[in-house]
Amino acid sequence: MKNIDSKGHVTGKSIYVDDIPTIKGTLYGVVFDSPIAHGCIESIDYTKALDLHGVIKIITHEDIPGENQIGGIIPDEELFASTDVYFAGQPIALIIAESDQIAFEARKLVDINISEKEVIVDSREAQKKDQLIFPPRTFSLGDTESAWKKCAHVFKGQAHSNGQEHLYIETQGAYAVPLENGHIRISSSTQGPTAVQRTAAKVLNVGMHKIEVDVVRIGGGFGGKEDQATPWAIMAALGTQILNQPVKVILSRLDDMRMTGKRHPYSSDYKVGFSDDLKIMAYETTFFQNAGAAADLSPAVMERTLFHGTNSYFIPNVKMTAYSCKTNLPPNTAFRGFGGPQGMFVIESALAHAAKELSVSTHQLQKINLLKNGDKFPYGQIADGVELTKIWSEMESKFDIEAVQNRIHEFNSTNADVKKGFSLMPVTFGISFTKKPMNQARALVHIYTDGSVGVSTGAVEMGQGVNTKMIQIASQIFSLDPKRVKLESTNTTRVANTSPSAASSTADLNGKALQQACNVLLERLKNCAADHFGISSQDIDIKSGIVYSKGVATDLNWDKLVLMTFLKRICLTENGHYATPRINFDMKKEKGNPFAYHVFGLALTEVTLDCIRGTYNFDAVRIVHDFGNTMNPSVDFGQIEGGLVQGIGWMTMEEIFYNQDGQLMSNSLSTYKIPDIYSVPKEVVIEPLKTKGNEMAILKSKAVGEPPLMYGIGAYFSLENAVRAFNPNFSSTFDAPFTHEKILMGLFGAGRPESHDSNNVLWSSDRMVGATI
Ligand code: MTE
Ligand code: HPA
Ligand code: MOS
């Protein structure tokens, strides 16, 4: 089934927050934010701003009736800064005016005086100064200490991956409207309607029942709207509460880039040891996560880094420690992969490092060490349903890795200034929220008396096609034309207490709740038909709108049966509930069974590098992916392509740059480059692995949202290999993104800088933050 939004999107008819027709009297809010990354607010003078014609009110922390607190996991983040500011771009006030232009003008007239404090932008520096968001955590398996002694080869190094701007097409925003009796409806561009509702209630000092949050769809989220859609929605709601008028807050692109957090940069140490036959015997790593100025989702992101620190490999002795480091950057947040990609980049760097030293190819090391059924993950879960070996052989038979290698070797030996490189990138990604209570969902289904159907779930459509999947489920169970099923907006009054649409679990959780509700309704209808025919309900089938009795078509159809059921006063509405069974995780022991299942895949990336200019093209990315039994190939293939390109962007060109004062220099689309059509690999081939699928996945169709992003990591290593083909002395910096500048330095420079300490800031992306280029 085609994505139900395709037509609306290409014709521009799809509705986003800023497209909602405004009510008369709507006011516009613009956020006044801190110009400085760390300091104490000495004075603020709003007089001139307030004097501007059309300015209605400036809301500050003093106007908040409830708590001035928006921290979700840890209460460490004010909605509006009260005394101190901790990052440039931190909201201080909301300027409300008759138009957004007036509010923008007024913002320029605010006088603020901040006494500056020391700014920390680097995670390692923060850790040294004991600036941590929460205590470090360690996952371990076996005993690395004794394992090192038995290793034939041991390698140590560092790896760094930079942040990433979400750059959803629809910027953050919300529109709040007053209802009767102090109730407020918020239309928000959020992945987490309940998070908005809960936090708004706390700040506004009202019950959650007074706040209704509605989401039709959002123009991309990628994790950036799991938690960070909340402040703007609350600001709009506060304005509405105080003024009893509708208030809209839509961030401009530049405000959005400056004020919101991004993917966490990580700087990491690794140590890896091998036996003589190249089995990984031991792996140790320390991750320094750059969390920014407040916790936001950093604890959960850091945990997922630990969960995915060994990627697709079995390692008997592991010790991974992670620090969440508090810096003066905007609080970093969820981003597709949720810390997993950062963890995987480190082990892939360690393997590439070892392969070079051992003069073997990286894919040899990868293949030898692939995870198998029955192996234990460092967090205690026993791997099952592992498809990696099968995927690897599928890659070999479909795409002939040896032939690719030979062809590239041949090309490189006959071309001086153009070189090719390739890499393999296996992915193993755990599906479930790692916080157990979040793994639940509900769905509300109405069958109307004419036989048409209305469905509400907690799922937010953000481009990933979940609404299409929900319609497929209902129409499949009822055997009804999808056109007769309507998916309602996601609304906290219809489906309450929802988890955010995240963790790639939205279709599984909400789909299973929906399945449950639909099955109950179907049973009721069948019972009614069975009564009518005087037979058992087991003998009733409903197919394509026709009721069958013992396999024979009757003259009873769906519409008539629905009406008949209604006339018998039987309920045609059902609420389904699903909670993922059998998952658990004990944070004290750091052991458990956190994931319902894993998604597996492998990408083969080929690149051609112009060694004079440092420019390149990805010739092909060939992917063998474990969809289980995909319920919607066109949606799922789209997720693979989009995720891959987003991952390539993170690894190659997207370069977040904060200066030492904590100011975002890559603050617009002229200084922050994301992949465009020219950066897309010339060929992307997706080969679905033939498997039975997994019962825990909706219709055995595995989650697909995040895993493909990590295929993009292959881009980094294919480029490295191409650089090395030109400059055999090149030694890796394992410092993503591998920008054109770094490629040129790799081609013509001495290679690896001596160390990654603070004298060498130019080369480290987390340290880039402190660079003085
Ligand atoms: N695809 C599109 N088009 N837009 C998005 O914002 N977000 C990604 C992924 N794919 C995203 C997307 C992220 S971060 C997640 S967690 C999943 O979709 C969420 O949706 P799912 O749970 O339905 O896969
Ligand atoms: N993934 C995405 N979002 C989350 C998670 C997770 O594992 N846990 C809490 N929020
Ligand atoms: Mo996705 S990072 O879990 O929103």
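Before starting, I noted that a polar contact here is a pair of N or O atoms within 3.5 Å. I also kept in mind that this is a predicted model.

**Entry: ligand 1**

With that cut-off in hand, I looked up the contacts of ligand 1. A nitrogen atom of ligand 1 sits 2.9 Å from a polar backbone atom of M462. I then turned to the side chains and found a polar atom of Q639 at 2.7 Å from a nitrogen atom of ligand 1. For Q464, I noted 3.1 Å between an N or O atom of the side chain and an oxygen atom of ligand 1. I checked the cover next: ligand 1 taken alone exposes 520 Å², and the protein buries 92% of that.

Which of the residues around ligand 1 come nearest? I found 16 residues around it, and G221, F222, M462, T506 and Q639 come nearest. Sorting the shell by class, I got four nonpolar, ten polar and two charged residues.

**Entry: ligand 2**

I moved on to ligand 2 and listed the residues around it: E226, A300, R304, F338, F433, T434, M438, A502 and A503. By class, I wrote down six nonpolar, one polar and two charged.

The side chain of E226 has an N or O atom 2.8 Å from a nitrogen atom of ligand 2. The side chain of R304 places an N or O atom 3.1 Å from an oxygen atom of ligand 2. T434 uses its backbone instead, with an N or O atom 3.4 Å from an oxygen atom of ligand 2. How much of the area that ligand 2 exposes alone does the protein bury? I read 98% of 260 Å².

**Entry: a patch on the surface**

I looked at the surface next and found a nonpolar patch formed by L563, F566 and L567, with about 300 Å² of accessible area together. I placed F566 in helix α16, residues 558-567. F566 has a relative accessible area of 43%, so I logged it as partly exposed.

**Entry: helix α18**

Last, I asked why helix α18 counts as largely enclosed by the rest of the structure. The helix covers residues 713-726, and I saw that eleven of its 14 residues are buried, so the rest of the structure largely encloses it. Among the buried residues of α18 I noted I713, Y716, F717, L719 and V723, and also E720 and R724.

Conventions:
Residues numbered from 1 in each chain as written. Chains lettered and ligands numbered in written order. Predicted model: local features only at pLDDT ≥ 70, side-chain atom pairs only at ≥ 80, totals over all residues. Heavy atoms only, no water. Near = heavy atom within 4 Å. Polar contact = N/O pair within 3.5 Å; in protein donor to acceptor, adjacent residues only side chain to side chain. Areas by Shrake-Rupley, 256 points an atom, 1.4 Å probe, with all protein chains shown as cover. Nonpolar A, V, L, I, M, F, W, Y, C, P; charged D, E, K, R; others polar. Patch = residues over 30% accessible without salt bridge, like charges linked within 9 Å, V, L, I, M, F, W, Y side chains within 5 Å. Salt bridge = Lys/Arg side-chain N within 4 Å of Asp/Glu carboxyl O. Helix = DSSP H or I, 4+ residues; strand = E, 2+ residues; numbered from the N terminus. Buried < 20%, exposed > 50% of the residue type's maximum accessible area, 1.4 Å probe, protein only.
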